[in-house]
Amino acid sequence: MARTVPSRNALRPPRPGRRVAIGAAAVALLATAVLPVRGAVADDSKGGEKVLTVAVSQSVDSLSPFLAQRVISTSVHRLMYEYLTDYDAGDGHAVPGLATAWNTSPDKLTWTYTIRRDAKWSDGRQVTADDAAWTFNKTMTDKGAATANGSFVANFKKVTAPGPTTLVVELKRPQATMTALDVPIVPRHVWEKVGDFTRFNNDRRFPVVGDGPFVLTDYKVDQYIKLRPNKTFWRGAPQFDELVFKYYKDNDAAVAALRKGEVSFVSNLTPAQASSLKSASHIKVNDAPGRRFFALAANPGAQSKDGTRFGDGNPALLDPRVRRALFASVDRTMLVDKVFQGHAVEGEGYIPPRFADYFWKPAAEQRIAYDPVEAAALLDAAGYRTGADGRRTGKDGRPLGLRLLCHAIDPNDKAVSKYLQEWWAKLGIGLTVDCVDNVTDPWMSGEYDLALDGYSVSPDPDYVLSIHTCAARPATPRATGQTDDFVCDRPFDELYAKQLAEYDTAKRADLVKRMESRLYDTGYINVMAYPNAVEAYRTDQIESITTMPEAAGNIYGQDGYWSWWSAVPASGSAAKPGGGPSAGVVLGIVAGAIVLAGAASFVVLRRRVDADDRE
Amino acid sequence: MTTASSADTPAVVTEARTEPRGRRFTAGPALAYLRYVGGKLAGAVVSLFAVLVTSFFLFRIIPGDPVRTMTHGRQVSAEQLGSLRSQFGLDLPLWQQFTHYCGGALTGDLGTSYQFHAPVGSLIAEKLPATLLLTGTAVVLYSALGIWLGTRSAWHSGGLGDRFHTGLALTLWSVPSFWLGLLLVITFSVGTGPVPGLFPTGGMASGDTSGFAYVLDVAHHMVLPVLTLVAVQYAQTLLVMRSSLLDEMGGDYLTTARAKGLRDAAVRRRHAVPNALLPTVTMLFINLGHVAAGSILVETVFSWPGLGGLFYQALSVPDLPLVQGLFVVFAGAMIVMNLLADLLYPLLDPRVGR
């Protein structure tokens, strides 16, 4: 029988090519299995170097300061380029950056900055006022270069540098935000060679010349952004040898990387992630007051600047009693407890409490407390009576039904919507929740009744106040405006104009608080909570790091470079073992060997069978 | 034998397959094959053109103003917004935008991404290799595994092995890929109990490696995402292969082969499997067509820098030039793979294309 007769081929040793292939597979498998330890060492310490690895998820839109708009990009620019002024890590007031001092003319229209002498570009050249003047002038004169920061220079009339340490900015109208110009100053000798600013992304030649605490040394789209300390930084060089922003598109995977020690820091934690990390060893959870507000916005009847009304906001919301009733039936304490699971503070005024200078909260008699009984009475007074079916109807006999616009990708929005539905149903108000991916379109078209709203607030509150002025509305219904909620309230606008022209910090803060009070009373923007910034870092890699505000604040996405610049490496962060194989390596080798043995047996058996068949 | 006299029987197919390659297409069939190829090529070109036109209008139906979305929450002036509209060409009438798009596409220029300020072609080229590597490897592996296990399951249908493999494959098929991926990360990257952290938690490379070390590093990063894709996807190949082989197993030509004294394995491998392969080959090419599109969920869980994630970002703005370019590439890959499958069919089964 053919089966019993050994074939010539079966007796012949395997061909050299096959042996090479098996050998190569073995090497690949074994080497792959050995890699974990090498990878971990490389991530934490490269030849004894201290590397600070930060998990990020947002893709960079551009590394050109003239184009970048996303938080990840502008945060990296904070590290690469010094601004005229910085915000104090303690309380956010303006402190010297590239400018050591500044003063204004009596007519408030000319600002003169003294540029520091001890700042150098990373290529060794001196930083001068001419670099700053060129940056501002380029932004003012080149539409492409104004993409990111055009709004900061919109009120500039002329910018000059009469001397290497003197920068003069002439304004069209007084502007109190001249110490809050978040514009990276770039080296003229590098950037004046750029042709089309709309297509130059500053991500091809490394290292990138800058004067911030770090120098950008490498970047791979959606893989990493690498920076090295600028040894000549005027405030002192950072202590880590390298700062790496490493991409994790899924936050659960980033948390896993933190547990393993592949990254030093993770932000934007969910309550579940935070509580699971609290008990993990060598990990500290930073649950700090955030810079965002979370609000309920009511459509005041969308209108463009030319007076045209558009959209389909429910007219019932134009009655202040209805707006007050809606907010009075929102239990903010429960939202903080149940939705945010304690990682938030109950909302009061418009600006979060971490900005102590501008934080305002309503007086006891002004405050809209949680009071469903009062809410029902207000609705009765407004003419919305409860019918036999429990639903409230207006004087026109129509039931009171509202729509709520929310962000489909935000789990908090969905959870809050459920509560609102329940609470307002008890009042006899129907609520249709519309959670969509793209809220911007229906919102800007005025096609909503209520919406869940939220903004990140900067140390200078000008921008978040400006979005509720009449001037922020779109020029025509089809145009794009800066408005948040189509609010147009003349008393609010008057206060806005006053604060923008007020250079005295205390007086300006008082005006801002009066604006917040007015916004609260009009009831179109009702702040429900201030969500915390929940983040975590490895204490065996980072010994200490500055939060903003210093007393209790966030680490990622600061208005400054304080966190990464100040981070002190933990003494043991470079002491990962590099010697003998770990259990992982051994297991990897065993697994590889098993797979290899299986593959080899398979090949040999197949060869035997083939040989038999050939016989 | 009666089976050999019928042109439609599988036995004839087997005979045709055993003919030497050089004699397969004589002048007549070769001409028929060329006509067949020409027809398929023309069809592919027409499809590609339809894709080009569709991609322009399709994404303009989706609600969303790119300028509004990109600048929402940012400190921008009305002048900046107007400038952006003009920069993106959104202030032009639709027909002008369309002619610009067509002109560019025909010369290989897919436009400039709104959000990344870079040519769409270079953005796609930057991420395409990562996607091809990950998804391509997975498709090859799960197809091979599916064919192998499917063959064995069918050959021993109803047996313990068949029931085990079919059950396991269907279970894994119904598992959400992101969930399985996360499970693998937690188990084999972080380490659980006695299992140490063997693999990286994400990304394509650790960085700072080059040459062979880089190749190994990438291979190391690929293990878990490829495993996830293979585990979730191999069921479809297994089931198709199993089903088509079961159809063939009653064939008289197999009895003939056995009667010739061929071993059971040889009957399976040389006679049954080649005839059962056609549906699996179709599926393989469909899957290869999907390779370019990547896998958004697996790329996200493993932070793999591929096209799936880019497509998601492009849609969320919507970044019209980028989303159009990606659509053309994805659809183009599918058309090319379909074309290749069409061209390959006559070689696998000479009845096709006659």
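Me: How many residues of chain B are in contact with chain A, and how should I read that interface?
Reply: The size of an interface is often given as the accessible area lost when the parts come together. Here you get residue counts instead. In this predicted model, 57 residues of chain B are in contact with 57 residues of chain A.

Me: Which element of chain B gives the most to that side?
Reply: Helix α5(B) does, with 7 residues. Elements giving two or more residues include α5 (78-88), α9 (177-190), α10 (211-248) and α12 (264-291) of chain B.

Me: How do the residues on the chain B side divide by type?
Reply: There are 24 nonpolar, 25 polar and 8 charged residues on the side of chain B that touches chain A.

Me: How is chain A divided into domains?
Reply: Into four entries. Domain 1 has the segments 37-54, 213-289 and 536-579. Domain 2 covers 58-212, domain 3 covers 292-531, and domain 4 covers 590-615.

Me: How far apart are the C-alpha centres of domains 1 and 2 of chain A, and what makes up their contact?
Reply: The C-alpha centres lie 27 Å apart. Domain 1 of chain A puts 24 residues into the contact, and domain 2 of chain A puts in 26. On the domain 1 side, β8 (214-220), β9 (224-229) and α17 (562-566) of chain A each give two or more residues. Strand β8(A) gives the most, with 6. That side divides into 14 nonpolar, 6 polar and 4 charged residues.

Me: What does the largest nonpolar core look like?
Reply: It has 167 residues. Among those with the most contacts inside it are A:Ala55, A:Leu258 and B:Leu326. Helix α10(B) supplies its largest share, 14 residues. Domain 1 and domain 2 of chain A each give this core at least three residues.

Me: Which residues is A:Ala55 in contact with, beyond its sequence neighbours?
Reply: Leaving aside those within four places in sequence, the partners include A:Lys246, A:Tyr248, A:Ala254, A:Leu258 and A:Val266.

Me: What about the second core?
Reply: It is separate and has 68 residues, including A:Ala316, A:Phe327, A:Leu400 and A:Val416.

Me: How do I read the open sheet of 6 strands?
Reply: Strands of a sheet pair through backbone hydrogen bonds, either parallel or antiparallel. In chain A the order is β14-β20-β13-β19-β17-β18, with mixed pairing. The twist averages 30 degrees from one strand to the next.

Me: In which sense do β17 and β18 of chain A pair, and which helix packs on the sheet?
Reply: Parallel, over 7 bridges. A:Leu402 has A:Leu431 in β18(A) as its bridge partner. Helix α12 (residues 411-427) of chain A packs on the sheet, touching β17, β18 and β19 of chain A. Its direction makes about 170 degrees with that of β18(A).

Key. Residues numbered from 1 in each chain as written. Chains lettered and ligands numbered in written order. Predicted model: local features only at pLDDT ≥ 70, side-chain atom pairs only at ≥ 80, totals over all residues. Pairing = 2+ DSSP bridges. Helix = DSSP H or I, 4+ residues; strand = E, 2+ residues; numbered from the N terminus. Axes fitted to C-alpha atoms, helices over the stretch in contact; angles between N-to-C directions. Contact = placed C-beta atoms within 7 Å. Nonpolar A, V, L, I, M, F, W, Y, C, P; charged D, E, K, R; others polar. Core = buried A, V, L, I, M, F, W, Y, C linked by C-beta atoms within 7 Å. Buried ≥ 20, exposed ≤ 12 C-beta atoms within 10 Å, placed from the backbone. Domains from an automatic or database assignment.
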